[in-house]
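Here is a short briefing on helices, cores and aromatic contacts. Keep the model open as you read.

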Amino acid sequence: MEKISVGAFINKILAGVALGIVVGLVPNAILGELFKFLSQYHDIFATLNSVVVGIQFTVPVIVGVLIAMQFKLNPLQTVVVGTAAFVGSGAASFQENVWILTGIGDLINTMITAAIAVLMILFIKDRFKSLTIILLPITAGGIAGFIGIILLPYVQLITTGLGHMINSFTNLQPLLMTILIAIAFSIIIVSPISTVAIAMAIGISGIAAGAANIGIAAAACMLVIGTVRVNNSGVPIAVFLGAMKMMMPNLLKNPIIAVPIGLTAIVTAVAASLFGIQGTPESAGFGYSGLVGPINAFKFMDGSVLLNLGILLLVYFIIPFIAAYLIHNLCTKVLKLYDPSVFKFIAEEESGDKND
């Protein structure tokens, strides 16, 4: 069995998840709302919308495949991990003798199931010899998927419990509530937990949903500022377009990243509270990806259209970017809390090291 440290194993799992989410969620996050709006003018846009939504449903498989590729598994082993991850995600459920896709499933359980499948494959290696193509899907795929299904309700309890904890913030003062929720979602968006799933599970709406949305937008702005000088242009662009979870390995390796993200969320949340930014459970977990957050916030705003658009531009982009820039420089040049290299994309860094 190939020797690998626990830390390296977890980093490979997180790197696979981060890339999988980028591939699976970005098309719908960016184009979904636009296609929905344009579908009233031509049916082709409704078809295009179903395409990007369909891609989103493949997230568990994509995550499993990309996790397997982190361990340089062969094509058969890679597909086995992908199928196990899909089963363990709970994205498909058997109801009234019919399999129904219910979303992207539980991301944490997807990771756990894929990790179990990888461990089994690393242990089995070539022990099955010529029977590998028959026995590997049954053992590594079937057993890992079965364990994932067994664990799914318990993992979902943890996810739901975390959601209830966040929802309890709504019982506090509006400004404090907005700040706390914004901080929570600004950190969660860089974790394996799905902000969209949490927002939908606890059904936050109104100011709470707006706060969650603003927190994610603030995290995106902070990560763009942090990554822009230590990575190639693709990384900050991907982050700006909604792929904040690709920085999960960085947060795990350098938890200090949470400080500038949280501070940026606080500043932005105060502005959002002053302007009464609101949202819906469906929009709360997206930030400004695909303009889902700003579009939904706009629906709750009265008065001049131009003024409201200006407020959204101010709250979602101008304030968080300025705050992120100032806070990043304060933390790196004055307080020296961290080195700018903590924002170097770890998957890219590892690839570069191997090419040296």
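Buried means under 20% relative accessible area, exposed means over 50%, and partly exposed lies in between (1.4 Å probe, protein chains only). By that rule Tyr338 is buried, with a relative accessible area of 6%.

This is a predicted model: local features need pLDDT of at least 70, side-chain atom pairs count only at pLDDT 80 or more, and totals for chains, interfaces and linings use all residues. Residues are numbered from 1 along each chain as its sequence is written, and side-chain values use heavy atoms, with hydrogens and water left out.

**Aromatic pairs**

- Rings of Phe, Tyr and Trp (its six-membered ring) pair if their centres lie within 6.5 Å; planes under 30 degrees apart are stacked, over 60 edge-to-face, and the rest tilted.
- Seven aromatic pairs turn up in a search of the whole structure.
- Tyr338 and Phe343 have ring centres 5.8 Å apart and planes at 75°, so this pair is edge-to-face.
- Phe343 is buried, at 0% relative accessibility.
- One aromatic cluster is formed by Phe240, Tyr288, Phe317 and Phe321.

**Charges over rings**

- A charge sits over a ring if NZ of Lys or CZ of Arg is within 6 Å of the ring centre and within 35 degrees of the ring normal.
- Lys12 lies over the face of Phe71, 5.9 Å from the ring centre.
- Arg127 places its charged end over the ring of Phe123, at 4.7 Å from the centre.

- Helices (H or I, at least four residues) and strands (E, at least two) are DSSP runs, numbered from the N terminus.
- The expected span of a helix is 1.5 Å times one less than its number of residues.
- H12 (residues 258–275) has 18 residues and reaches 25 Å from first C-alpha to last, close to the expected 26 Å.
- Buried residues of H12 include Pro260, Ile261, Gly262 and Thr264.
- They pack against H7 (174–188), H9 (206–227) and H14 (305–334); contact means heavy atoms within 4.5 Å.
- Gly276 follows H12 and has a positive phi, near 65°.
- H7 has 15 residues and should span 21 Å; its end C-alpha atoms are 21 Å apart, which agrees.
- Among the buried residues of H7 are Met177, Ile181 and Phe185.

**Nonpolar cores**

- A nonpolar core is a set of buried Ala, Val, Leu, Ile, Met, Phe, Trp, Tyr and Cys residues joined through side-chain atoms within 4.5 Å.
- The largest has 51 residues; Ile204, Leu223, Met246, Ile277 and Tyr316 have the most contacts inside it.
- H9 gives the most to this core, with 14 residues.
- A second, separate core of 31 residues includes Phe71, Val118, Met120 and Ile124.
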